[in-house]
Structures are given as C-alpha cells and as structure tokens.
Number of protein chains: 2
Amino acid sequence: MENIKIRVINENKEFVANKEENLLKSLINAGVNIYADCGGKGICGRCKIKIIKGNYSTQTSYLITKEEEKEKIVLACTTYPLEDLIIEIPKEFQFENKEISTYFETEKENLEKVLEKMKLDTNALIKKVNFKLPPPTIETSFSDADRLLTFLTRQKNMIVIIDDLDFLNKLPVYLRKNNWEGSVLISEKYYNDNTIFEVCDLLDNDQKFYALAIDIGTTTVAMSLIDIETLNNVITKTTFNKQMVYGEDIITRIIYSEKEEGLKQLHYKIIATLNELISEIIQSIKICQRDIYAVVISGNTTMIHFLFNILASYIRREPYTPVATKFPIIDAKNLNLMINSNAKVYSIPLVASYIGGDIVAGVVACGIDVSDEICVLIDLGTNGEIVVGNREFLVSAACSCGPAFEGVGISCGVRAVEGAIEDVKIIDGEVRYVTIGNKRPTGICGSGLIDIPAELLKAGIIDMSGRVKQDIKNPHLIDRIRKNELGEYEFIIEKKEFTDIGRDIVITQSDIQNILRSKGAIFHGLYVLLKSLNLKFSDIKKFFLSGGFGSFLDIKKAQILGLLPDIEEEKFVISGNTSLLGAKLFLVSKQARERMFEVAKKMTYIDLSNFPIYMNEYVSTLFIPHTDFSLFPNVIKYLKEVSK
Amino acid sequence: MENIKIRVINENKEFVANKEENLLKSLINAGVNIYADCGGKGICGRCKIKIIKGNYSTQTSYLITKEEEKEKIVLACTTYPLEDLIIEIPKEFQFENKEISTYFETEKENLEKVLEKMKLDTNALIKKVNFKLPPPTIETSFSDADRLLTFLTRQKNMIVIIDDLDFLNKLPVYLRKNNWEGSVLISEKYYNDNTIFEVCDLLDNDQKFYALAIDIGTTTVAMSLIDIETLNNVITKTTFNKQMVYGEDIITRIIYSEKEEGLKQLHYKIIATLNELISEIIQSIKICQRDIYAVVISGNTTMIHFLFNILASYIRREPYTPVATKFPIIDAKNLNLMINSNAKVYSIPLVASYIGGDIVAGVVACGIDVSDEICVLIDLGTNGEIVVGNREFLVSAACSCGPAFEGVGISCGVRAVEGAIEDVKIIDGEVRYVTIGNKRPTGICGSGLIDIPAELLKAGIIDMSGRVKQDIKNPHLIDRIRKNELGEYEFIIEKKEFTDIGRDIVITQSDIQNILRSKGAIFHGLYVLLKSLNLKFSDIKKFFLSGGFGSFLDIKKAQILGLLPDIEEEKFVISGNTSLLGAKLFLVSKQARERMFEVAKKMTYIDLSNFPIYMNEYVSTLFIPHTDFSLFPNVIKYLKEVSK
C-alpha cells in the first residue's frame with residue numbers, strides 16, 4: 001500500500017492511508033469519527049471535508065454546491081487521494097459540535113445481573129481469546145493460520161474458521177510484531193448443533209470491543225451499546241425511524257417499496273437511521289466506530305426485509321408470505337453500517353409476516369417460553385402483536401393499531417422523551433399532569449394518551465363513545481373546551497404560555513377517536529385470540545406489556561379505557577422495550593439465542609381476520625371501555641362510583 | 001431499482017440497468033461481454049466505452065486522454081448512468097475483434113471418462129437442483145426461503161444454507177414468475193465431515209453453467225472451462241503469468257512484493273492474467289461471463305498468496321512459513337474476477353512454503369496417494385518439485401530450477417505453442433527438427449531444449465561439460481557455429497529465412513549452461529531426496545513427469561542430458577499438466593477433493609539444503625549426464641557406442 005499521508009487539521013491528527021481507499025474509509029480506519037448516514041454511498045452528503053492541500057480525484061455530486069466546489073469541499077466517500085493531503089472537516093460537519101435531535105438515554109445497566117436474574121448463561125456472540133503460540137522452527141514451519149487455529153482447537157477447544165482474506169493478510173505481521181502473543185476476536189457462526197467461530201479481528205493491546213443491540217420498530221428505533229468485556233449496557237439511544245416519511249404503518253411502506261426505487265429508499269432510510277444513532281453514541285462516549293464488532297437486530301418482519309433490501313411485497317398479499325424468517329449473518333460493510341467493516345450483523349429469527357424477531361425476543365425476555373403458567377405478551381408498537389402461551393404452547397396474532405401510542409398521528413403527540421406529558425389527572429375541573437424529567441411540556445406521549453380519555457370520561461367531558469358531551473357544567477372545564485378551525489372540539493391540556501412549544505397542548509375529538517381505534521384493535525385482538533384458544537381472561541396468570549412507553553403506563557386507566565382486560569392489576573408486568581432487551585440477551589447469552597430459535601420454530605401464528613367475530617364485533621370495542629359491560633365488571637363498578 | 005435503459009449500439013442490444021451500479025457491472029450482468037483485466041478497479045483502461053447519448057457521472061482518469069474525454073469515451077467501471085443511455089463500445093475495445101496473443105488450445109475431452117479410468121466419483125462442487133414446490137396457502141404461508149430449503153432437505157436430503165441477500169431478493173419474484181418451479185445452483189461449502197451446500201443462483205430455463213479449473217504457475221497460467229452438466233472440458237487456454245515483469249522466479253517476486261505497493265501489483269497482475277484468459281475463453285466459444293459459477297485454483301504457495309493478496313515475505317525467510325495452507329472459499333467479486341459475481345473460488349490446499357496445491361493436485365492426478373508401488377513425481381516448472389511415495393508415505397522437496405524448460409531465459413526459448421521446435425535431431429551434420437503443429441519455427445520449447453545438448457554431445461559439438469569443442473571437423477556443422485556480439489559461441493538451429501521470427505534460431509553457450517543448471521538442480525534434488533529416504537533409483541516403479549512441455553519429452557534424451565535417472569524407459573509416465581488436471585478433478589469429484597485434503601495433511605516436506613551433500617555434490621550434475629558415470633551406466637554405454 002502506498003504511503004499517502006493525510007493530515008486532519010481540525011483534529012491535529014496525521015495518519016497513513018491507502019490511495020485506493022476513499023477518504024471516508026481511510027478516516028474511519030484511522031479513528032477519525034465522521035458522519036455518513038448513507039454508509040458511504042454518496043447520497044447523504046454528510047461526510048463533507050475540505051481539501052486544504054494536495055491532489056485528489058473526486059466525483060461530481062448534486063450534494064456539493066458550486067460554491068463548495070470552489071472551496072474544494074468534497075464528499076469523503078467519493079474522493080481518493082492522489083498524493084499526501086491536508087484536509088479539514090468543516091465546522092458544521094464536525095462530529096462533536098452537532099446535536100441531532102431529542103435523543104433520550106435510558107438503561108445504563110449491567111447485563112450480568114439481568115442474566116443472573118433470568119438464569120441465563122453468559123456467552124456472548126463475540127469473544128476475545130488471548131493466545132501465546134510457539135514460534136515456528138524449521139521443523140515446525142507450518143502456516144501462521146494453522147498455528148493459531150491449532151492453539152484455539154487444542155488449548156481452547158474451539159472450532160474456529162478463517163473466512164476473511166484481510167485477516168490472513170494482517171496475521172503474519174501481527175504475530176511477529178507481538179512475539180507470537182496476542183488476542184483474537186472471534187464471532188459465533190452457527191447457533192445450532194455445533195458452534196463454529198469465525199475470526200473477526202486481531203486486537204491491539206487493551207483495545208476495547210463493543211456490540212450493538214438494536215430494536216427496529218416501525219416508528220421508533222432504539223440502540224444500545226454493550227461493552228462485551230464488562231457486559232455493561234454503556235448507553236441506549238432512541239430516535240424515530242426515518243422511513244416515517246414514506247408512511248406511518250407497515251402496509252403504506254410496503255406499497256411505497258413497490259414504486260421505482262422505493263425499496264432501496266426505504267433500505268437507505270433505515271441504514272441512515274442506524275448510522276445516525278451510531279454517530280450519536282460514538283460521540284456521547286468517545287469510542288471509535290471501528291471498535292464495534294457485532295450487531296444484533298430485533299425487528300418486525302417488514303423492517304427486517306427493508307433492512308436487508310429484500311422484496312417485502314408478498315408480506316401484504318395473501319397468503320402473506322415473507323421471503324425468509326432466518327437471515328444470514330451479514331458483514332457490516334455489506335450493509336454500509338459505519339462500524340468495523342468486519343463486524344457481523346445478526347438478526348433474531350422471525351415467525352411470520354406479522355410476527356417478527358421483536359416478538360420472539362420479547363417472549364424470551366419475558367420468560368414466557370419457560371413459564372408454567374399461561375402468560376400474555378402485548379407489544380404496543382405501531383403494529384400490536386399479541387402472544388399467548390407458556391412452556392407448552394405459544395400462539396401469536398397481530399393487529400394493526402397504528403402509531404397513536406407512540407405519539408404519532410395525534411395532534412400533540414410526542415414520543416416518551418423529556419417534556420412529554422406521561423400522566424394526566426383531572427381533579428375538580430383542574431388538569432394536573434406530570435412530564436418526563438419534570439420539564440415544561442412539549443406534548444403528550446403514549447401513557448398520557450391512555451390517561452386522557454379515562455380522565456375525560458370520569459370528569460364527564462366525554463361519553464362512553466368518546467364524544468364531547470353538551471351538558472358540561474364545571475366552568476373550569478368549559479373554559480378548556482373549544483372548537484378548532486376544522487370545527488372540531490378540542491380540550492386544552494395546557495396553555496401555550498406554560499408549554500415549551502409556543503402553542504397550546506390539546507386533545508381533539510379525532511385524537512380521541514384515534515386512541516379508541518388503537519385500543520379497540522388491541523383489546524379485540526386479544527379477545528378473539530383467547531376465544532379461539534378457548535381461554536378466558538381469568539386464565540391469564542401474567543400479562544406482559546411491552547413497548548417504549550410501557551414503564552409510565554397506569555394500568556387502572558388503561559383498563560378504564562378498555563385497552564387492557566379487567567383482571568387483577570398485580571398480574572400486569574410493565575416490561576419496557578422487550579424487543580431491545582431480547583436483542584441484548586441474544587448478544588450475550590447462548591441460552592437466550594437457543595431459546596429464541598426454538599420460540600421462532602415453535603410459535604404458531606393465527607390470522608385473526610379468519611374469525612368472523614373479528615370483523616363483526618370490532619365496533620363494540622370503540623367505546624370506553626366496551627359495549628359489553630360484562631367484560632369489564634370492575635371498571636363499570638368503579639365508573640359508577642366516581643360518577644356518583 | 002430505477003429503470004434506466006441502456007442501449008449498446010454496436011451490439012444492437014437494449015437492457016435495463018440500475019443507476020447505482022457502474023456501467024461495467026451492468027454491461028456484464030446484461031450479458032454484454034467486455035474486457036476488464038483489472039476487474040473493474042479503474043486501472044487497466046480496457047473497459048472503455050463511448051457515451052453517445054444521455055447524462056452520466058464519471059471519474060477522471062489518467063487512462064482517458066483529453067481527446068477521448070472530448071469524445072465522451074469513459075471507463076465503464078467508474079461511470080454511472082444518470083438517465084437512459086446510448087453507448088457504443090469503440091471498435092478497438094470490442095470483444096470479438098481482438099486476439100491477444102499466441103494462446104494454445106488443448107485437451108477437449110470429457111472428464112467423465114477420466115474419472116471412470118481413475119475410479120473417482122462424479123460429484124461436482126456446484127450442482128443444479130430442479131425443484132417444484134407446493135405454493136403457499138394461508139395455512140402454510142411459511143417463508144419462500146423455508147419452502148425451498150425444506151424441499152432440498154426433505155426431497156434431496158441436502159443441507160443447504162442461504163448466505164446471500166441478493167439471492168433472497170431474487171427468490172420471491174423467481175418463484176412466482178415460474179409457478180414455484182425452477183432450478184437452483186448450489187455450491188459445496190465444506191469438504192470435510194458434513195457436506196453443506198450454499199445457494200449460488202436461481203437459473204433461468206436452459207441456462208448453462210460452467211466452472212474454471214486453473215493452474216497458476218510462476219511462468220505459465222493455464223485455464224480450462226468445464227461444462228458442469230456434460231463434464232466436457234470445453235476449452236483450455238494458457239498464457240504467460242503477467243507477474244513475469246516483476247521477476248522470473250518466486251524469490252525475486254517475493255522481494256518485489258516487499259516494495260511499496262509491490263504485493264498489490266503482483267496481485268493485480270495475476271488477476272489481470274486470469275481475466276485476460278477468461279475474456280479469451282468467453283470469446284472463443286461465445287458464452288456469457290455470468291454463466292461461470294465456480295473456480296478451482298491450483299498453484300504453488302507463493303502464487304496463491306499473491307492471488308489472495310496475502311503477505312508472502314515469510315515464505316522466503318527461515319523458517320519458511322506460509323501464512324496459510326488452506327484458504328477460505330472466496331466470492332469471485334471479492335477477487336475482481338470477471339465472472340458471475342456470486343461464483344465461488346476454491347483453492348487446492350498447500351503443504352508448505354515450497355510445496356503448493358499444484359503438487360497436491362499432481363499427486364492425486366497421478367494416483368500416487370493410492371499406489372502400492374513407490375512412485376516419483378517431478379513437476380518441471382520454474383520451481384522443480386519432487387514427490388516420492390505411495391499409499392503409505394509421501395515425501396516432497398523442492399529445488400529452484402529456473403524457467404529454462406518453460407522457454408524463459410533461453411535466447412530463442414518459447415513456450416510449447418504452435419511453431420515451437422519440440423524435437424531436434426542432428427544426423428550427419430544436418431539438423432532436423434519438428435515444430436508443434438508443423439508450423440514455421442518460432443523458437444525452441446522445453447522438450448527441444450532437452451534434446452539439443454544431447455544431440456550436440458552426440459554430434460561431437462560440445463563436450464560433457466557443455467562447452468563447444470575446438471576440433472569439429474564436419475563442415476556443415478562448422479558453418480552452423482559462430483560467435484555472437486558477446487563473443488560467445490552459438491549454434492544455429494535454423495536460418496532466419498526459414499523461421500517465422502525474421503532472425504536465426506540459435507542455441508548459445510549460455511543457453512546450454514542454463515539448461516545444465518536446471519537439469520542439475522532437478523536431478524540432484526531427486527538424488528538427495530532418495531538418499532535421505534534410503535531409496536535407490538531402482539526402487540522407483542513409476543516415474544511421473546509433469547509440466548507444460550511434458551508430452552513432447554524424449555525420455556532417452558532427457559536421460560542422456562542427465563535430467564532423468566538412468567532407469568527403464570517404460571517406468572516413465574509423461575503426465576502433462578497434472579496441476580491443471582488435479583484442479584479439474586477437484587472440481588468434479590468429491591473423492592478427489594477428499595484425497596487432496598488428505599494428501600496435503602499427510603505429505604512431509606524436506607528441506608534439501610539441510611543435507612550437506614546437497615550443496616557439496618551439486619556441481620557433479622553440471623555435466624552431461626553427470627561426473628559419476630556409475631549413476632548412468634546405460635547412457636554411458638550408449639554414448640560410447642554412438643561416438644564410435
């Protein structure tokens with residue numbers, strides 16, 4: 001490789017690069033962090049650098065203005081050095097000075113404790129193995145690779161293969177430089193039967209290595225960085241899925257994917273989302289992109305198809321067939337993820353078109369597959385998925401509930417981020433609320449949206465069908481009701497002078513109908529699924545509620561709303577993002593991986609639309625809590641009491 | 001993918017291409033054959049096309065002149081369409097009109113017969129499997145991939161994995177278009193223990209599929225195209241290894257590889273050599289590059305390191321350690337081979353730094369590893385490798401004999417191509433010779449070079465040390481001897497008026513010394529190796545001679561020269577290119593593959609330089625036939641008779 005030198009003046013860094021590699025790759029290899037949402041495809045325009053000195057070749061791009069061209073600002077990903085270069089990353093494209101959006105950090109925890117509690121083994125997908133090899137002699141001059149592999153087989157009892165020419169190229173120099181001692185990072189290749197490992201990289205002294213656990217939801221994407229040596233969940237960040245611009249729900253996006261370039265655009269959007277989160281994480285905790293060596297993805301079937309750029313059309317067409325339910329282990333470079341190019345991307349197996357790896361992950365994270373008692377898991381995302389089962393059986397169904405509970409499609413809806421109203425009470429005509437982080441309110445998130453209809457009903461503002469009543473007497477409340485420009489009633493939760501968004505935070509008549517449709521879809525799905533299994537609500541011994549907003553959920557109010565069945569409150573377990581937790585478990589525990597493969601194989605999927613009652617009785621669920629009072633005896637009793 | 005249309009006017013072809021793929025890739029995918037020696041790296045300048053109409057983006061290149069730039073001539077590999085294009089491949093870059101050099105075609109044969117004769121099974125590395133799947137229903141809507149894999153497992157009893165996202169993307173459309181029937185091409189993934197297959201491609205109706213068997217020698221590269229369905233060896237082509245410009249022998253090239261960019265240049269040269277041969281083959285028999293789905297490479301250790309761009313430095317340094325002896329199966333695209341990008345590249349396992357896959361291939365091709373009797377294999381390439389053994393043991397050694405017998409380093413040396421003098425006799429002062437194909441002579445190839453010293457000796461022109469005598473009497477012969485401008489004697493084999501090269505074909509005093517050094521190295525290597533094993537020449541029951549020139553070799557004259565030991569002529573088997581034959585066997589027979597892995601494991605390598613006699617007695621071999629007459633009793637007897 002030709003010793004081109006590159007100096008990055010804003011970082012005061014100089015390094016040696018290869019003429020045949022584009023500057024983006026060289027900068028990342030040298031540990032200079034740089035944005036590239038599209039992964040170096042030349043389409044996001046975020047890897048702009050300024051050439052201060054030296055010759056280079058570059059491609060013209062519509063992302064570079066005439067002015068930038070004059071200033072020698074280029075895309076690093078399409079620029080190749082022709083000689084030594086001095087470059088600068090312009091201030092607006094520098095890593096440290098940018099804050100992209102309203103990320104929200106949770107769950108700094110140690111996974112070891114989680115594993116212990118769940119009685120799972122500790123056995124990560126990637127491992128560091130230290131070695132000390134006997135140097136070759138004329139009598140034992142077998143190859144460097146054989147020397148290393150023999151050590152791993154004989155001393156460590158591991159079957160390891162080398163599937164990578166770059167590794168072989170690095171090996172001889174590494175061994176001789178380090179006196180035949182060092183550390184090799186290996187990754188698990190097959191989950192079933194025999195475990196085979198593949199070499200991933202040779203590690204420098206004290207080099208850290210990390211992995212990402214990722215939950216790709218239709219609306220929200222969450223990413224945790226795990227330090228594999230300590231099993232610390234170093235940081236978790238979430239953001240909206242950038243695919244949102246192509247449609248809020250799965251079906252709309254699949255239809256979009258069928259347009260010219262549609263699938264590719266959806267694919268790029270999710271890669272851009274992941275690369276943005278990666279940048280955010282790297283920047284928060286100051287590590288190198290190249291030190292991330294593995295990724296576990298948990299997501300619904302459609303999201304995984306988009307992630308891997310695979311045709312999703314038949315997911316939405318009868319008989320609803322996905323292309324695959326298990327996916328190959330992919331090299332990060334082939335997905336253009338801006339981490340170590342040899343990093344492996346694993347995905348949690350899927351069940352069917354509408355039950356994805358997120359649910360498989362959730363079932364194991366909640367321990368349903370090893371439970372003696374009948375459990376229910378409901379994942380309240382944009383698609384609502386329901387699982388009923390225990391160690392004997394697992395049955396699943398899906399219902400499209402829309403992204404209302406993720407704060408999308410609601411006039412003042414927001415994700416569960418700082419400033420989101422998560423808890424609402426109406427007491428004596430006064431509205432009291434709590435925001436996340438006790439900040440000035442920015443909107444209402446899922447748990448707040450569940451509270452509001454119940455509170456409005458209790459306060460006598462709306463009737464059981466969710467419509468604003470005409471006979472409200474409390475003057476405080478009357479003050480809060482008005483008609484908006486669409487002629488629709490809206491209820492003011494907070495006046496603009498007390499919000500952080502410069503306008504009133506309200507809930508409209510349509511918002512309420514929207515919430516009722518969402519809660520109705522979920523409750524009814526569960527109702528029909530249980531019926532098809534000849535089970536009653538009372539047969540449920542544990543009821544897991546997962547989803548991003550879960551931890552703020554008021555069970556009682558969700559029951560009043562008719563979202564959750566009218567069973568004992570102590571049966572409910574608010575489980576948070578079980579898809580993300582499952583991805584972490586997949587990453588660090590072999591038993592978890594095995595259980596997930598087992599669950600994916602064993603779980604049955606039931607198409608609810610096959611049951612006549614699904615369509616016929618759905619409308620009953622659009623009331624608060626339901627038209628069939630016998631399903632909600634305690635709620636009805638309570639409502640009668642409070643309305644006295 | 002966006003429906004950009006590309007029209008190639010010189011081929012009168014129109015096809016749909018993807019905006020994000022460079023034009024070289026699109027043209028090849030569409031079945032337009034195009035040169036690209038460097039495999040699309042933008043460095044060979046052979047994929048020039050002219051843009052007639054339409055917008056595109058391209059990179060500037062020193063390979064495109066200002067004039068070409070004006071004419072919109074670009075490198076297809078660095079050009080991307082921005083809209084529909086009309087292009088032309090300029091006449092000088094068109095495929096059909098070019099003849100690169102003096103290729104030589106051999107061995108149109110059917111491998112089935114070869115396998116039968118060798119009692120080997122027929123079981124190719126790639127297989128076409130026809131399938132007919134039950135279409136999915138709402139009850140059986142499992143994934144397309146599972147449907148196919150279940151069929152392969154249950155109906156064909158094969159463990160098949162899908163490791164390729166492109167395949168998954170192609171699958172759903174293919175299945176539905178073809179009514180759930182079709183053919184999948186699979187390739188073998190592991191040779192040992194369990195055989196696992198990997199999907200390679202979905203085949204169109206009646207699509208043909210081929211594989212390449214390749215012998216990469218230090219001087220010569222040979223390539224055979226095999227039709228996997230019929231097992232026909234459709235065509236074989238050979239050429240010089242383009243690495244020759246960096247040195248004739250292995251050590252010189254390794255030293256070159258240690259320079260800046262040296263390894264990469266050697267790597268590109270071998271890729272360019274292979275791509276040129278591929279172009280030649282494609283062009284001769286009119287098939288598509290994309291229909292070639294597998295490659296088996298047989299080569300010496302250094303060549304394989306260069307092929308895979310792996311550091312070869314420690315091959316030449318004590319204790320002579322290669323980086324690896326078994327190499328991963330590589331995707332053709334990662335090597336920039338201009339065949340189907342999903343094609344798999346397999347390499348025959350190596351033994352040690354100086355005993356490569358070519359020798360392992362040769363041992364199996366000659367059946368030494370299953371022979372009851374003691375056999376010898378000598379491979380007369382630029383490195384002379386020697387194997388002694390049978391089913392019980394296999395011992396090998398190497399000696400650097402130089403490329404003289406490949407016609408390199410000899411003033412009028414040529415490869416064994418048409419017009420090469422392959423047989424020389426001097427009778428009554430007259431020189432009689434035979435050329436390959438009975439063409440006008442162009443030079444002397446290996447077998448001719450072996451004849452000449454023996455004939456010159458018999459005719460009394462040179463003495464046993466190879467020096468031209470001063471007392472020649474025959475006036476015809478005196479006429480043929482002259483001193484050249486270096487003051488060195490040379491003997492005229494043919495006058496320029498009768499040659500095809502416009503100058504005399506001669507053999508010089510240095511040429512003879514060169515031949516003697518080469519033959520001496522080989523004979524002495526064998527002598528020392530046998531001695532180390534306590535074996536005598538007479539213990540050898542079969543003596544295989546392999547190498548490109550082998551089939552024209554006159555055993556008797558090789559014995560007079562002292563190249564071959566003085567044993568019964570019928571023990572010698574002239575075996576041709578056993579490295580190439582072995583590569584073909586590896587490709588089409590599982591037993592052959594297993595035997596080669598076994599041979600690579602079992603064969604011992606002996607470093608001849610460890611034996612004092614190797615250095616001390618070498619000089620004895622620089623005579624014709626040898627200073628120790630007792631080693632050549634029959635030759636000495638014969639020489640005495642003819643000199644009477």
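In this predicted model, the C-alpha centres of domain 4 of chain A and domain 5 of chain A lie 26 Å apart. The domain assignment, automatic or from a database, places domain 4 of chain A at 366-403 + 515-642 and domain 5 at 404-512. Local features need pLDDT of at least 70, side-chain atom pairs count only at pLDDT 80 or more, and totals for chains, interfaces and linings use all residues. Side-chain values use heavy atoms, with hydrogens and water left out.

**Between the two domains**

Contact, meaning heavy atoms within 4.5 Å, joins 27 residues of domain 4 of chain A to 30 residues of domain 5 of chain A. On the domain 4 side, A:Pro403, A:Ile515 and A:Lys557 lose the most area to domain 5 of chain A, together 33% of what that side buries. A:Lys557 also meets A:Asp451 through their side chains in a salt bridge (3.8 Å, N to O), the term standing for a side-chain nitrogen of Lys or Arg within 4 Å of a carboxyl oxygen of Asp or Glu. Helices H13 (509-532), H14 (555-561) and H18 (633-643) of chain A each supply at least two residues of the domain 4 side that touches domain 5, and H13(A) gives the most, with five residues; helices here are DSSP runs (H or I, at least four residues) and strands likewise (E, at least two), numbered from the N terminus.

**Between the two chains**

Chain A can be laid on chain B with an RMSD of 0.1 Å by a turn of 180° and a shift of 0.1 Å along the axis, the superposition being by least squares on C-alpha atoms of residues with pLDDT of at least 70 in both copies. The two copies are therefore related as by a two-fold rotation axis, and the C-alpha of chain A nearest that axis belongs to A:Gln59, 2.8 Å from it. The contact takes 56 residues from chain A and 57 residues from chain B.

| Interface | Buried area | Share on carbon and sulfur atoms |
|---|---|---|
| Domain 4 of chain A and domain 5 of chain A | about 2,300 Å² | 70% |
| Chain A and chain B | about 4,600 Å² | 56% |

Definitions and conventions. Residues numbered from 1 in each chain as written. Chains lettered and ligands numbered in written order. Buried area = accessible area lost by both parts, 1.4 Å probe.
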